[in-house]
Protein chains: 2
Amino acid sequence: MSDTGRVAHSLLLVDDEPRIRRVLRLALEDEGYQVAEAANGYDALAALRREPPDVVLLDLMLPDRDGFTVCREIRRASDVPVIMVTARTDSHDVVAGLEAGADDYVTKPLVAKELSARIRALLRRVEPANARQSDLVEVGDLRIDVPGAEVTRDGEVLPLTRTEFKLLAELAGAEGKVLSREQLLSKVWGYGYFGDSRIVDVHIRRLRLKVERDPASPKHLVTARGLGYRLVS
Amino acid sequence: MSDTGRVAHSLLLVDDEPRIRRVLRLALEDEGYQVAEAANGYDALAALRREPPDVVLLDLMLPDRDGFTVCREIRRASDVPVIMVTARTDSHDVVAGLEAGADDYVTKPLVAKELSARIRALLRRVEPANARQSDLVEVGDLRIDVPGAEVTRDGEVLPLTRTEFKLLAELAGAEGKVLSREQLLSKVWGYGYFGDSRIVDVHIRRLRLKVERDPASPKHLVTARGLGYRLVS
DNA sequence: GCGAACATGACGGATTCATGACAGCTGTCA
DNA sequence: TGACAGCTGTCATGAATCCGTCATGTTCGC
């Protein structure tokens, strides 16, 4: 539960004013965060899928899209914590921001210590949920070693590729729940992948060929027709 | 996935001013929450043990102990979401409140809509972790695993299709209440569906064939002539 | 007994998924 | 650098099965 020995938390700072970014970045780095920047909504979404941060700090006034829209777009594929950081203090904006999916809403001028405290409070709430994925998952005769990126059956290592492993690990982390193609796409391929969702089918097949004893009638990687796939013991 | 049919969320309102409690209670009940009250830290902790709420609203100025202390005491025994509600706007207090374990910190004078939005944002973040229990519905000898999209009887999996499953899950969520064809149409088929409502009959039949031991005289999926259908144990 | 409401069985179109093939890309190793 | 193997995403095809509709039979309430 404690943060000892943990790597610095990463933030994505989205604001169109270079000066504000600079000030905030310095203040936040001072607080021990690792800060990435984006100047508009488009860049933010790209950065998000390239390297998902622990928290997004989102300004409302952006050159391309407004922050509400960007927030909704983020939420469409990601659960990343979002804090709206803006000069607009009107209560309607606060409500709109939170309704758009933001977790918190703070107004400029900012006090760095307070922002940092709010980030910590949010991380405290979110971290346990992320940590819930245990390091070793056993499903039927499969042992999935997540940090080791290795899957064994009867002590024998199965030669999975990276994508195959990430896919299997996601399904294993969901404890038998059905995951839709879209969920799997955003988790395995990353948020913002726009290709055909049939790619999931293909990789499920490749996984089955390696993981299932009889790939023609899969026991573990089960199809939920019209819904997605799930992993069962 | 949706909250349809969910009971109201419960709040515990901790403030020593009866007048403020009254105003807040009315405003929050108006927003659809179920509100309990406590006038001091001692009562708050007792109420928390007796009947844990979904969210605690905690004033800083309390007659017995200050809010920071109460918050820390709450945290010692519970992960319940806490929002500090206070007149003290000083940034140091905000930081202290959040460091004491609060999830959010809002200052009076309050805008009910904003407070409500912040409560919703917090619940949105917390709910998925708590949701795990209500995911499994048992009706008679049927076990309906909603996230797993699976129904079992005597440990045996019933091969339901997507529509059949959604239909059964809706009926199961209503606990013996009669649901009209129109209600079922809008919940299972979605609001935009304009076809014949007899489609419900057909799927009820298909469900009976798979779910009922004697489909000719259904025990669970009961017809309410002229009204709709209901699921009974 | 009559009409309305529901049950039943059948059918064709539409979805959805499995499967195998293939070309582009990436990283590796000589 | 160039060859090469392995990984990835795309596509076409075919099979399975699901779904909405309809016609007809049955039951229920009055």
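**Entry 1: helix α6 of chain A**

I began by noting that this is a predicted model. I then looked up α6(A), which covers residues 162-173. I checked its length. At 1.5 Å a residue, its 12 residues should span 16 Å, and the end C-alpha atoms are 16 Å apart, so the two agree.

Next I asked which residues of α6(A) are buried. They are Glu164(A), Leu167(A), Leu168(A), Ala169(A), Leu171(A) and Ala172(A). I also looked for what covers them. The cover includes the strands β6 (136-139), β7 (142-145), β8 (150-153) and β11 (228-231) of chain A. The helices α7 (181-189) and α8 (198-211) of chain A are also among the covering elements.

I followed the chain past the helix. Just after α6(A), Glu175(A) has a positive phi of about 50 degrees.

**Entry 2: helix α3 of chain B**

I turned to α3(B), residues 67-77. Its buried residues are Gly67(B), Val70(B), Cys71(B) and Ile74(B). Why do they lie on the same side of α3(B)? They cover an arc of only 100 degrees around the axis, which puts them there. I noted the cover as well: α2 (41-50), β3 (55-59) and β4 (82-86) of chain B are included in it.

**Entry 3: where chain B touches chain A**

I looked up the contact between the chains. On chain B, 22 residues are in contact with 26 residues of chain A. Which elements of chain B give two or more residues to this side? They are α4 (91-99) and α5 (112-130). The largest share, 8 residues, comes from α5(B). By class, I found 10 nonpolar, 3 polar and 9 charged residues on this side of chain B.

**Entry 4: DNA strand C**

I found 16 residues around DNA strand C. The closest are Asp201(A), Thr223(A), Asp201(B), Arg205(B) and Thr223(B). The elements giving two or more residues to this surface are α8 of chain A and α8 (199-211) of chain B. The classes are 6 nonpolar, 4 polar and 6 charged.

**Entry 5: DNA strand D**

Around DNA strand D I found 21 residues. Those that come nearest are Thr161(A), Thr163(A), Gly195(A), Thr163(B) and Gly195(B). I met α6 again here. In chain A, α6 and α8 each supply at least two residues of this surface, and so do α6 (162-173) and α8 of chain B. By class, I noted 6 nonpolar, 7 polar and 8 charged residues near DNA strand D.

Methods. Residues numbered from 1 in each chain as written. Chains lettered and ligands numbered in written order. Predicted model: local features only at pLDDT ≥ 70, side-chain atom pairs only at ≥ 80, totals over all residues. Helix = DSSP H or I, 4+ residues; strand = E, 2+ residues; numbered from the N terminus. Expected span 1.5 Å × (residues − 1). Buried ≥ 20, exposed ≤ 12 C-beta atoms within 10 Å, placed from the backbone. Contact = placed C-beta atoms within 7 Å. Arc of directions from axis to C-beta. Near = placed C-beta within 6 Å. Nonpolar A, V, L, I, M, F, W, Y, C, P; charged D, E, K, R; others polar.
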